[in-house]
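My notes follow the order in which I looked.

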Amino acid sequence: MIHGLTTASSALLDRLSRTIQQHPKRITAAIAALLLTGGGGAFAVASLGPDVAELPVRTVSYPVESLAENLVLGQLESPGFSLFRSEQVRSSDTPESLLQRLGVADPAAAAFLRSDSPVRQNVLGRTGRIVSAETTDDHRLVRLTVRWVPDDSGDFRRLIVERKGEQFATRIETAKMTTSSRLSGGIIQSSLFAATDASNIPDAVAVQMAELFSGNIDFRRSLRKGDRFSVVYETLEADGEPLSSGRVLSAEFVNNGKNHEAVWFQEPGAAKGAYYTLNGESMRRAYLAAPVEFSRVTSGFKMRLHPILKTWRAHLGTDFAAPTGTAVRTVGDGVVEFAGVQNGYGNVIFVKHRNQHVTVYAHLSRIDVHQGQTVEQGQTIGAVGATGWATGPHLHFEFRVNGQQQDPMTIVAQSDAAAPVSAAARPVFNRLAANMRVQLSAAALIEQASAD
């Protein structure tokens, strides 16, 4: 019996040994599970069946019908796309030259533009108007849009030329412009306008800055290389396209190391706004620095060789070079004392102000006021010309105190400033000034980044 048990045990061990050799992974997993459970309770015994990895593999293939069967790829319709481009109309443009700059190759469109009355009246021969074109991928015109500002109403006009099959149709629409603000800055290398051009700042904004700081900075003689400026100004946009610039909202000018700052503010309930320093002091003085917008002084208040008489004599005024027709404005509030023709002055206007001050505007091509009329500072009273004793178009300007000519620049510098921001409006102004300080700092960073 003992021999039989021994023989059976040997057979069992031999079978276990062969099983372990055939399925080592399964036996290892079973032992690990037993150890993890601490050997307590019921546990599952690993299957001693054949290893899946050792089972035979069979590949099954089925034919699938192609969705593009019997189709030639070249016959498939490719998706089209549109091209967009914007330009400015030039006065010398023909339909062909305008469409060529817009990337349009469409003789039918050019022929339509040449024959269409609204296009001839509002596009051809104009200058500066924004024109946008939408074309197909083969450069045929789909839509042409022209935008412009007709007046000061805050509206803009939109002329649309649109393809309708093989024909074109035109319509004109009116819509409101939107206002946004822009930040910019620059560094003086030679002149103010050269710096603003380099920074893509509109000329109208540059003129406003020159006017704004003219009481503190002589832009003809006092600018230094390295002077810098920052400005925040309005832009008037149509369909997201900037059409024109608006008012300067705030500005900073550093001239010869000295800071000059300004911000536009309209007190609640006031009919007009004005410029103030960021501390609330008014920048408006009793007199403007010049009777024409920023222009070139050709002869100051000094001795000179008279261009006609050819003798040395005192020039008791200031000459401003400007094209014929340039608007002339009164430098201060007053009453027109004389408007007409007078000797070498040609067409001339005398305006009487308070404190026995009189200003004279001579060589005008046009007079827009009459004797006895009340005028306000900045009001247009005439236009630059070359009447009287003048060798070319310019404005001769005089400032008289008690009948005696004085240097206009000295009088302007000594004139009184208007009242500061009122106490009631101070909280509103202070919030605005704080916001503008942040924006001017951002504009200065833009300016510095551009310089670097």
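Predicted model: local features only at pLDDT ≥ 70, side-chain atom pairs only at ≥ 80, totals over all residues.

Entry on the whole chain. I looked up the secondary structure and noted nine helices and 22 strands. Of the 452 residues in the protein, 38% are buried. For contacts with a separation of 6 or more, I noted that 59% are between residues 24 or more positions apart.

I traced an open sheet of five strands, in the order 1-2-3-4-5 and with antiparallel pairing. Its edges are strand 1 (83-88) and strand 5 (167-176), each of which pairs on one side only. Neighbouring strands here are turned by 15° against each other on average, with direction ignored. I then turned to what packs on this sheet, and found helix 4 (residues 107-115), which touches strand 3 (141-148), strand 4 (155-164) and strand 5; the direction of helix 4 makes about 60° with that of strand 5.

Entry on the pairing of strands 1 and 2. I followed strand 1 along strand 2 (residues 130-135) and noted that the two pair in the antiparallel sense over six bridges. Ser86 has Ser132, in strand 2, as its bridge partner.

Entry on Asp137. I located Asp137 in the loop between strand 2 and strand 3. Is Asp137 buried, partly exposed or exposed? Its relative accessible area is 36%, so I record Asp137 as partly exposed, given that buried means under 20% and exposed over 50%. I also checked Asp137 against Leu83: the two are 54 residues apart in sequence, yet 6.5 Å apart in space, C-alpha to C-alpha.

I traced an open sheet of five strands in the order 6-7-8-9-10, where the pairing is antiparallel. Why is one side of strand 6 (178-187) and of strand 10 (274-276) left without a neighbour in the sheet? Both stand at the edges with a single partner strand each, and therefore one side of each has no neighbour there. Neighbouring strands of this sheet are turned by 30° against each other on average, direction ignored.

Within it, strand 8 (residues 241-255) and strand 9 (residues 258-265) pair in the antiparallel sense over six bridges, and Ala251 has Ala262, in strand 9, as its bridge partner. Last, I noted that helix 7 (residues 203-213) lies across strand 7 (228-238), strand 8, strand 9 and strand 10, and that helix 7 runs at about 35° to strand 8.

Definitions and conventions. Residues numbered from 1 in each chain as written. Heavy atoms only, no water. Pairing = 2+ DSSP bridges. Helix = DSSP H or I, 4+ residues; strand = E, 2+ residues; numbered from the N terminus. Axes fitted to C-alpha atoms, helices over the stretch in contact; angles between N-to-C directions. Contact = heavy atoms within 4.5 Å. Buried < 20%, exposed > 50% of the residue type's maximum accessible area, 1.4 Å probe, protein only.
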